[in-house]
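Dear colleague,

My notes on what was found in it come after.

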Amino acid sequence: MTATTVAVNTGPDGTLVIQLRGVLNAEHAADLRHTLIRAIRHTRPSCLILDLAGVREIDAISLGALAAACHLGDVQHVAVYLDHSPEPLARQLTAAGVAHHRLRGIMR
């Protein structure tokens, strides 16, 4: 069993911050997708920040869920940013179709 944690916080300006930690694999993909859809479609913050500093490993399904969240955010008028991505993860996200301007604070 792998350890994954998700912390959700709301800033004073209404920004929703989701901090992901650990290993995101197929076992967690459905929950991740559900959390992202709920945040974007139902909570509808003006800005959603996905803090990826603690992500050690990610599978293709979870990677796709993060990329899809960016596109869904555009449709729902929610700005989606991915902060503190480790450099290998940032490359994977870019290859999955995430625009480079959404990746902030890439960790080398």
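In this predicted model, the axes of helix 1 (residues 26-43) and helix 2 (residues 60-76) come within 9 Å and cross at roughly 10 degrees, where axes are lines fitted to C-alpha atoms over the stretch in contact and angles run from 0 to 180 degrees between N-to-C directions. Helix 1 and helix 2 are therefore roughly parallel, a term that covers angles under 35 degrees. Among the residues of helix 1 that meet helix 2 are Leu-32, Leu-36 and Ile-40, while the helix 2 side includes Ala-65, Ala-69 and Leu-72; contact means heavy atoms within 4.5 Å.

Read along the sequence, the protein follows the pattern β-β-α-β-α-β-α-β, which comes to three helices and five strands, these being DSSP runs (helices H or I, at least four residues; strands E, at least two) numbered from the N terminus. UniProt, in an unreviewed entry, places a STAS domain at residues 13-108, and annotations of this kind may be inferred rather than shown by experiment. Over that span the chain is 46% helix and 29% strand.

Of the 108 residues, 44% count as buried, that is, under 20% relative accessible area with a 1.4 Å probe and protein chains only. The C-alpha atoms fill a box of roughly 35 × 30 × 25 Å along the principal axes.

Residues are numbered from 1 along each chain as its sequence is written. Local features need pLDDT of at least 70 and side-chain atom pairs count only at pLDDT 80 or more, whereas totals for chains, interfaces and linings use all residues, and side-chain values use heavy atoms, with hydrogens and water left out.

Best regards

Technical notes: Angles under 35 degrees count as roughly parallel, over 145 as roughly antiparallel, 65 to 115 as roughly perpendicular and the rest as oblique. Buried means under 20% relative accessible area, exposed over 50%, partly exposed in between (1.4 Å probe, protein chains only).
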